[in-house]
Amino acid sequence: MDEVNVGIVGLGNVGSGTVTILAENAEQIAQKLGFSLRVKIVSSLDADSMKLPEALGPVARTLDWRQVVTNPQVDIVVELIGGTTVAREILETAIDNQKSVVTANKELMALCGPDIWDRAIRAGVNVAMEASVAGGIPIHAVLREGISGDRVEALYGILNGTSNFILTEMERRGDSLEIVLAEAQRLGYAEANPSADIDGFDARSKLVLLSALSFGERIIPSDIYTEGIRRISPADFQYAQRLGHTIRLIAAARQTADGLILSVRPSLIPLSTILASVRGSYNAVWVKGHYGEDTFYYGRGAGSRPTGVAVVSDLMRVAREIRYGSPDRVSPFAHERLGEYKPIPVTRQKRAYYLRFRVTDRPGIIATLAGILAQKHISLDAVLQLPCENKHDLPFVITVEPSPEEAIREAIEQMSGLDFLVEPPLALPMEAGL
Ligand SMILES: NC(=O)c1ccc[n+]([C@@H]2O[C@H](COP(=O)([O-])OP(=O)(O)OC[C@H]3O[C@@H](n4cnc5c(N)ncnc54)[C@H](OP(=O)(O)O)[C@@H]3O)[C@@H](O)[C@H]2O)c1
């Protein structure tokens, strides 16, 4: 049977993993498909000097991505450059030229995925994006097919490998975020500008895509409450440990009677939960279904080869469709419901909270803080103070019974003006249900 021809734009981390797998694993791929995938043309800014695996055979190279997306011999275009401007142009031009597209671009798909999807449907081609969330974990396939018969009630994920590496190293070694981040940057695990990772925006893009698939809603990224890990200190891990918990950056989507509550934020999770054992740069997604109950997915969240597998598997799915004419167009964006979604603010959720204070020690501090909590009808659960020499920067923790987040925020706001505080209090939800 005729080969299906592929054009790839972007030969960086993911692009090089993709071409390596397509070359080294070509025989297995052809056996599974009944035909071969053939890389016809590649484009990157250093395409001329780029070394390609010999087993790919002759491959045209170009610095101009337009030559890929308009090439009459190319059936599927793979976009692996990242960003939201040129990448969008690549996908749209490819679709307008009747090519199906495969992308790993979470940022772009979170921003305008439904529009790209609609354009592809009108053109009669497909969009595949498995690699865009949680690298090597086939979570798109799970939500689109594997458990599509269930009704998802909640989804919790550790979706950013860099943040998870930093948090779990802080937990293991007791070092500060600055020290671990600098090391992660030296090792190439973190970008020179780490904001997208440690401020939660990368995880937010991924949560947009997973929530769209899980709940059939169009999610607007800015509707998701997002808080990064910058304020977490080694002392927080010590206190969390005392409470039988640890801290992870949790991306959460929960269906409530009133609507969806979405957040990306550092949270205390019980040490006994399976998510607490997700360490280093690994990712995990925990889905709670109404009928099938809990399922859990774990694997490499990024990296050249794990992400390359996701891209190649997407290529195989789309190529099968092209050859056997079996359209597999389950909308990843539930586009028919665009505009119906009303986000529920995270302030409506009720949780137990961990409140961490740094104070200049003096008598009456606990009484003052407890008084403010009482005014907001928040009940104290425990007060913890580990030994500390420095009376001018003394950390301690108050945990409170499940309370509305709105009341917690009002209390924190009121406390922030107190002159004995070294910095505003840190409030983290305690996710007991995980
Ligand atoms: N890295 C991961 O583990 C991972 C995991 C999941 C998803 N992703 C997503 O995958 C995508 C690619 O990430 P990456 O880490 O592979 O990025 P990367 O290493 O920076 O590679 C980007 C590639 O695109 C090329 N490029 C940039 N602008 C171009 C243009 N105008 N025309 C042609 N080529 C162009 C670059 O060429 P030069 O090298 O010559 O500049 C480079 O080859 C992103 O959307 C990212 O979010 C990455």
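Select strand 5 and strand 6 (residues 127–128): the two pair in the parallel sense over 2 bridges. Helices (H or I, at least four residues) and strands (E, at least two) are DSSP runs, numbered from the N terminus; strands pair if DSSP finds at least two bridges between them. Pick V101 next; its bridge partner in strand 6 is V127. Now follow the chain from strand 5 through helix 5 (residues 106–123) to strand 6: this β-α-β crossover is right-handed. That is, with the strands pointing away from the viewer, the path from the first strand over the helix to the second runs clockwise.

The model is predicted: local features need pLDDT of at least 70, side-chain atom pairs count only at pLDDT 80 or more, and totals for chains, interfaces and linings use all residues. Residues are numbered from 1 along each chain as its sequence is written, and side-chain values use heavy atoms, with hydrogens and water left out.

Select strand 4 (residues 76–79). Strand 4 pairs with strand 5 in the parallel sense over 4 bridges. E79 has T103 of strand 5 as its bridge partner. From strand 4 the chain crosses through helix 4 (residues 86–96) to strand 5, again as a right-handed β-α-β crossover.

Stay on strand 5 (residues 100–103). Are its faces covered or open? Both are covered: S100 and V102 on one side, V101 and T103 on the other, are all buried (under 20% relative accessible area; exposed is over 50%, partly exposed in between; 1.4 Å probe, protein chains only).

Last stop: V383, in strand 14 (residues 380–384). V383 counts as partly exposed because its relative accessibility is 41%.
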